[in-house]
Structures are given as structure tokens and as C-alpha cells.
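User: I have a structure open and would like to go through it with you. Could we start with the charged side chains and then move on to the interior and the surface?
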Amino acid sequence: MTYARIIGTGSYLPAKVVTNDDLAESMETSDEWIRERTGIHRRHVASDDETTATIGLYAAQNAIEAAGIEVDEIDLILVATTTPDKVFPATATIIQRRLGIAGCGAFDLQAACSGFVYGLDVADRYIRSGGARTAVVIGAETLSRITNWEDRTTAVLFGDGAGAVVLQASEEPGIVAAHIHADGKQEELLHVPQGISQGYDQTRAGEAYIQMNGNAVFRKAVATLDSIARETLAGHGVEKEQLDWFVPHQANLRIITAAAKKLGMPMERVVVTVDEHANTSSASIPLALDIAVRDGRIQRGELLLLEAFGAGFTWGSALLYY
Ligand code: UT7
């Protein structure tokens, strides 16, 4: 049997750090409120000359180096992002060019905070069906560019960053399965109201930023993450005790803690990085994964559950042997 197996992970956080205290200088908030309500201590913000392609490229190069492959072995590049460099071409083709390769398929995928799990699902299917042997899946975001820095209800929550994995066909177990879901009925609870196809309307300039009903999204996220965890484990005959690591989307420590509690995972087996980089949307899972792989927590052969929830709403999970 052929599996898609992660053979390398990578990530990148922009050098510029904005602390909670920095934000408290320009808006009515405090380090105490942000830490208590979200678990976030700081976020990284891209410099003027860094874009999603720049930081996505660094994460991909990092993962490629860890995988020990040559770039010309890559036959699929997938970038999950809500903040592409340009309307077109895809950020994936910009990264492909900067990697110095051409010919392989490269495209972007938009599923908000669930984008990386969606990307894993697509790449897994390509690899298992023989459509690709080596795929790079990148989650990269410059959310600072769609953040209203005068809105304390959202500005404190988001950050910029990128994470990536190299997947390769293997006889050794890798991704067991990924599950993706969406329900568009509550679009307005978390969205950027302005968009390309509506035409750029300067009188609505203030709507080109993230708007969220945080509390409603919070409740929905906790309930949904619980049901997807149950579905994933039951669907594959896996008991929660068999899981070595839970690697959730990093939006809010309280959401992560609630999901872990319902799953019966002790917090020592949960990868938490939201304190360091806030919510980086599609980048948050591969960032957390890479950090825990590089610091030695996640070991080869261990069983991981990845889970995401985001705008759309979209949600999904991946069960995999690292
Ligand atoms: O990536 C997936 C999508 N995103 C998420 O998963 C995020 C989901 N939501 C959340 O993380 C939380 O709902 C928040 C952190 C956004 C808010 O926490 P909450 O416990 O749901 O607070 P709340 O929205 O009910 O607001 C509580 C109070 C309000 O004041 P009043 O009305 O009680 O007087 C807010 O105005 O906190 C106020 N508040 C703030 N105070 C200080 C809201 N933002 C801030 C702030 N600093 N930055």
C-alpha cells in the first residue's frame, strides 16, 4: 500500500515581533486581557518587503532541506493561503519560480484556517493515486495586511507566518486519512467583507479587513472540533489513548484546551504555539508541527491528530503517522 508520508517540515516567522504591550500603546487593551482570553503573548509581522510568497518560500526551503530532497524531485506545490501576493498568478507559482523549478503542478487553495488540512487531503490523494510522488504543501499568511489595527476585537488575535511539509510516496505508514468539511451558512460571522469580484469600492475601504463575531465563532469552533475528532477516530478504529500528539489549529488557547479536554488528551501531549505567533490561519498547524518536530517532541512513527476550524465555516482533520 502507498502512503503519503511527511519526510520534512519547515517554518518561518518574520523577524519583527509585536508584543501585547506594544498593542496596548495604540489601542484600549492589555497584556493581561489578551493572555487570559487567548493565550497569545506576541505575534510576528511581515516587513514591508516580505509577502506571503517570501515567507512561504522560506518555510518550503526549510522543509525541503529537512527532507533531504532535490528541488527537481518536487512534482506538486500547493499553497494554502487567504492572503495571496497577487490576484493571479497563484502564490504557488511564484514560489515555484523562486525555488528555481518549472513544469510541476502548482496552485493555491483557499479554505481559511483549515487550508493546510485541506491541502494535506489533496496532496494525500494525489500521492496515493500515483498522480504525484513528492509534494510540498505550504500554509502561508500575511494576515497583518488584512487586519484593522484600530479594531481591538481582531487586531490582537492574528499574526504572520508560514509552515510547510514535504510529502512523499512511501510504503511506510504516513497519512491515514484526512477529512474536510464546510458549511457556508454563517459566512458573516468571520469574513473580509470586501472582495475583488465586488469591485474595489473606496467608500467601503474599512471593510477590506477581517471582521469576526469572536464569541459565536469560539462556541462553534469548540463544538465542531469535538465532533470532527470523534468522527476521525471512530472512522479509523483508533482509540484516543493511541494518539501520541494532538496538533490543533492555533487560534486561541481556550479553544485548544477545551478541544483537548473533550478528546481526553493531557496538555503535555498537545502542541501549543499560539503564545508565540497568534493565529496565523493556514500557517498555524504546519508551524506548530515543525516547532514540535525540531525541538524533539514529535518522533518518527508517532500517531498525530491534526485539526482545524475556520472561516466559511470550514473544518477538517488529519490522522497521520509521523
Ligand atoms: O481561526 C478560527 C477563527 N477564530 C477563532 O477561533 C477565534 C474565536 N474567538 C475567540 O478567540 C474569542 O471569542 C475572543 C478572544 C475573540 C474574545 O473572547 P471572549 O471571551 O469571547 O470575549 P467577548 O468577545 O465576549 O468580549 C468580552 C469583552 C467585551 O466587553 P464587554 O462587552 O463585556 O464590556 C469586549 O468588548 O472584552 C472586550 N474586548 C476586549 N477588551 C480588551 C474585546 N476585545 C478586547 C481587547 N482588549 N483586545
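This is a predicted model: local features need pLDDT of at least 70, side-chain atom pairs count only at pLDDT 80 or more; totals for chains, interfaces and linings use all residues.

User: Which residue does Glu207 meet in a salt bridge?

Analyst: The partner of Glu207 is Arg204, with an N to O distance of 2.9 Å. Arg204 is partly exposed, at 24% relative accessible area.

User: How many salt bridges are there?

Analyst: The count comes to 11. Among them is the pair Asp31 and Arg35, at 3.0 Å from N to O. These two residues are 4 apart in helix 2 (residues 31-38), which means that about one helical turn separates them. In general, an α-helix has 3.6 residues a turn, so residues three or four places apart point the same way. Arg35 is partly exposed, with 38% relative accessibility.

User: And what does Arg5 pair with?

Analyst: Arg5 forms a salt bridge with Glu172, and their closest N and O atoms are 3.5 Å apart. Arg5 belongs to strand 1 (residues 3-12), whereas Glu172 is in the loop between strand 7 (160-170) and strand 8 (175-182), so the bridge ties together parts 167 residues apart in sequence.

User: Is Arg5 buried or exposed?

Analyst: Arg5 is buried, at 13% relative accessible area.

User: Why is helix 10 described as largely enclosed?

Analyst: Because 9 of its 11 residues (the helix spans 284-294) are buried. The buried ones include Leu287, Leu289 and Asp290. After helix 10 comes Gly296, which has a positive phi near 90°.

User: How many disulfides does the structure hold?

Analyst: It holds 0 disulfides. Cys104 is buried at 14% relative accessible area, and Cys113 is buried at 9%.

User: Last topic: which residues make the nonpolar surface patch?

Analyst: Val87, Phe88, Ile196 and Tyr200 make a patch of about 540 Å². Phe88 sits in the loop between strand 4 (76-80) and helix 4 (91-99). With 68% relative accessibility, Phe88 counts as exposed.

Technical notes:
Residues are numbered from 1 along each chain as its sequence is written. Side-chain values use heavy atoms; hydrogens and water are left out. Patches are made of residues with over 30% relative accessible area and no salt bridge: like charges are joined within 9 Å, nonpolar side chains (Val, Leu, Ile, Met, Phe, Trp, Tyr) within 5 Å. Accessible areas come from the Shrake-Rupley method with a 1.4 Å probe; for residues, only the protein chains shown count as cover. A salt bridge is a side-chain nitrogen of Lys or Arg within 4 Å of a carboxyl oxygen of Asp or Glu. Buried means under 20% relative accessible area, exposed over 50%, partly exposed in between (1.4 Å probe, protein chains only). A disulfide is a pair of cysteine sulfur atoms within 2.5 Å.
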